[in-house]
Amino acid sequence: MITGSADLDTVFELAPEWEQLRRNWQAENRNTAATEFLNKVGAKAIFHKALALKGERERFLQLLQSAYYQPMLTKMLGCNQNLRRFLGQRHVAPEEQRGQVISFAAELSQKMLATLVKQLGSGQEDGFKALLPAYVQRSVHNAVIDYIRNEASWERQTLQDVSLDPQQDDPRSSVADDITFTPEHRILSGEQVSQLNELRCNLDAMLKDPQTAKEPLIVVDCMFGLGLTPKSATGQEMTMRECCEKLDLQGETMARRIAKCQVLLDKGLEMVRQKIYKDMPGIAECWQRGLNVNTASRRELAQQLGMTEGEIDRCIKSRQFSREDELIERGVVKDTRLPELAKKGAVAAFVPVDLNSATARDITDIVGVPKELAQRLVSERPFKGIEELLAKKLASKDDLSIYIQRGAVVRAKFSDNKRMDLNRAQLEDLVQLGVDADTANVIIRTRPFMTWGEVEEFLGAEAPSWVILRQRFFLGLSSG
Amino acid sequence: MINEVEISPEVVRLAQNRTRNMGSTLADELARNIVQEAIFNTDVASELLIDEDMAYSNEDALVAAFGVNDLVINGSRVDVRIVDEEGRVSISRALLNGSYMTAGTLAVQMNGTLNGKVISYIPASEWASIDSQAGDQQTVYLRPRLDAEFDLTDTISNLKVSEAVKAQPAPAPFDVATLVANRTEVPMRKQRQIVEGTLSHPETWSQVEKVVATWSKGTMRRLLDDASAWNQRVEKLVDKLSPKFKRIGRDDVKQVVARIGEKLGGQPESGAFRKALLSTLAHEELAHSLGGQALRKASDVAEAVLSGRAVTDAIKDFAKNPVAVEIAMKIKQQRNHVNDFMDATSQELSSAFQQMALQPVYQTHSQDTQAGVESVNEALKMLDAGELAESLKELDKELSNI
């Protein structure tokens, strides 16, 4: 508890008339006691005391800042869900979060004190409200919202100006439709593919089963782009609007049609979940394991999987692995270690490494290209094809064959000159293309968006500029 | 709207990210934010205080598993629900008649995603009454009286809090998993025991977290997203491959892709995947025309060519008679490189012999495969296989960009 030098003695020195309450006060921790005591005394009494004090007012106010406002603010900020989520989504460690809360509380307590001083100066009867916990609570809420807004804005501005990794292409130059091109996106292990093949068979069977309700499954098929029925195309997710149109879902307003679609989607997801729970329980474990031994850093291999230095060296040297048991076959770990690694979340999923966009570090650590050559590859790209490495004498035939075996690929760059990137467009561009100013402002404040479904959900069913957005923009990927 | 409050777009996005991860409903999350905002907008002298640490809705796992959506205001746990497009409020019955639902529900009407107002209050007793007539339904619906002048301060100050219920023991993890993944098969009485037991035993929440990570709608969404990506990869591959492998049916090509994915993972652009895929399909294609030793040799040639060996070099590696290979090449030239896996006719042989001025040993149709016509035919088939593999190299490049 942050109470500084404040303690009960100071309180009673400044307010001897509160001594009466002291007799009932039996707390052991005197610092905490000062805070609790002031809370017990209440806002009105504290305010009137501050008003009454003349020469000692400054001292009393300092006491209030450290023993009243600051502890209250620290507690309120510490459990503020918006702040927690904002920091959590940015992977700020709990210890660091606590530190931020304390400094945030110290800063805010000064502002609260300034407000109180102003109220004392004006001498108004309701000035005590500045001391009410409800007032402090509201101030915390507003301060957190301002903080989130400012931080988000700063993040956007700085990310537009600097690249996080100068050796890496800005991922936002890819588009969401092209999302499968980003490394580590939807990388599937052999075990996952087995489960997905089985899932497809199961869903096909459900759609053919006369006893099963079809409509919810068709909505799932369309929304996720599973390609199980003629209504959907594989890999092409639909928004709710598009799904309503495709399936001709009726309703008086778009909001009602979307609500109907949502109900069907929820039901469909429930059906899928029940099917999996009954017939494919292994799928659950399969989607929990997430540390790919082909791409994990040394630190991750050591800390998350508990691999020894020797195991890590051998693992990086022998990459890539298509199955976990290859770790044994290639002498990376002993066979007794494998179940332990799997339990800690290790998975072996082969990852294609695009030499036109990967970082020099990935080219070295995953593909096994020597450091100097990796840097040269980065400086000489883009390549039109992998053979260009031979033509430019960047690699021998044998080395290239090894690099290919270890996952090196060369991809063509995606471009979409007809549409504008919604995640990077300027306000004036949005407005010029017909997006209403309010929507444009809100989009700029809250982007990036990863899917059109996300944009649709965020803007709501009756968003006025939806058609323009969908037709004239694409979604560039965020670096986050 | 009177009493309408606005929430910050940034907060809506935070809520959206949370619900997308968990697979819970954004509308309820926004409704709770609206109530919070409305409380912050009341006169501070009414002293409405939210204790954020006490709400079950702070726990992602409890939200995803049971659909809790509460706020603790001045010590009372109040449920919050959205008024849907039909003017109804709905709640899972597992949350009723227990310690969760003691102070009723605040109903929120949204206007878009950024604005909304608290518009009604439903006492816990009203839910209990509807619940008693719900039969075997999982969810109950209620059409509240919507009051544009709804007085939030007055309602909170006069909440009707029902009596606490008997505590339940902590549930077994298996029961929680069944409730989350297969709710309809758990009787309502049991559902309530599980919910009650979980809520009153915070030490079990980490277990719920694991269950939710495995079985939540968020996990199902991730799974289906991956299914969509994999199905698309398979379809794209089949579209590219089918025209090249005319003797193999589309479904069989799909089977081969699926099998290789199971073995090598779901990234067809990786070199190992492409090589395995094209070698397997080349073998399948050859198997429609060849058998036995000829098939084995032709497949070996195809694989060597796909690995980067020149066609003629690959054939010479596997054919023991280089002269037969030369003859076969002459015949192939006459055929304009059509890969039909046919034996050489006597006319084709004669023409080749003339061109090469060879001795009649080849005209005897000897049964000696080392020296006779059969050697030529074998080389001819290997040549066909090699050329097929060569033509797949371009396809291999395309697959690396699929």
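**Entry 1: Arg274(B)**

I looked up Arg274(B) and found it in helix H11 of chain B. Helices here are DSSP runs of H or I with at least four residues, strands are runs of E with at least two, and both are numbered from the N terminus. The model is predicted, so I kept its limits in mind: local features need pLDDT of at least 70, side-chain atom pairs count only at pLDDT 80 or more, and totals for chains, interfaces and linings use all residues. Residues are numbered from 1 along each chain as its sequence is written, chains are lettered from A and ligands numbered from 1 in the order in which they are written, and side-chain values use heavy atoms, with hydrogens and water left out.

Is Arg274(B) buried or exposed? Arg274(B) is buried, because its relative accessible area is 9%. (Buried means under 20% relative accessible area, exposed over 50%, and partly exposed in between, with a 1.4 Å probe and protein chains only.)

I then checked its partners. The side chain of Arg274(B) makes a polar contact with the side chain of Asp396(B), at 2.8 Å. (A polar contact is a pair of N or O atoms within 3.5 Å; within protein, one must be able to donate a hydrogen and the other to accept it, and residues adjacent in sequence count only if both atoms are side-chain atoms.) Leaving out residues up to four places away in sequence, Arg274(B) touches Val409(A), Pro268(B), Glu269(B), Asp396(B), Leu399(B) and Ser400(B). Contact means heavy atoms within 4.5 Å.

**Entry 2: where chain B meets chain A**

Next I looked at the interface. Chain B puts 82 residues into the contact and chain A puts in 85. Together they bury about 7,500 Å², with 55% of it on carbon and sulfur atoms. (Buried area is the accessible area, with a 1.4 Å probe, that two parts lose on being put together, summed over both.)

I counted 9 salt bridges across this interface. (A salt bridge is a side-chain nitrogen of Lys or Arg within 4 Å of a carboxyl oxygen of Asp or Glu.) I noted the salt bridge between Glu10(B) and Arg149(A), at 3.8 Å from N to O. There are also 37 residue pairs in polar contact across the interface, both residues at pLDDT 80 or more.

Which helix gives the most to the side of chain B that touches chain A? H9(B) does, with 17 residues.

**Entry 3: aromatic rings in chain A**

I turned to the rings. The count over all chains is 10 aromatic pairs. (Rings of Phe, Tyr and Trp, its six-membered ring, pair if their centres lie within 6.5 Å; planes under 30 degrees apart are stacked, over 60 edge-to-face, and the rest tilted.)

Trp18(A) and Phe37(A) are a tilted pair, because their centres are 6.3 Å apart and their planes stand at 55°. Trp18(A) sits in the loop between helices H1 and H2 of chain A, and Phe37(A) in helix H3, 19 residues apart. Trp18(A) is buried at 9% relative accessibility. Phe37(A) is buried too, at 2%.

Tyr68(A) and Tyr69(A) form an edge-to-face pair, 5.6 Å centre to centre with 70° between the planes. Both are buried. I also noted one cluster of Trp18(A), Phe37(A) and Phe60(A).

**Entry 4: chain A as a whole**

Last, I read the totals. Chain A has 25 helices and 6 strands. Of its 480 residues, 51% count as buried.
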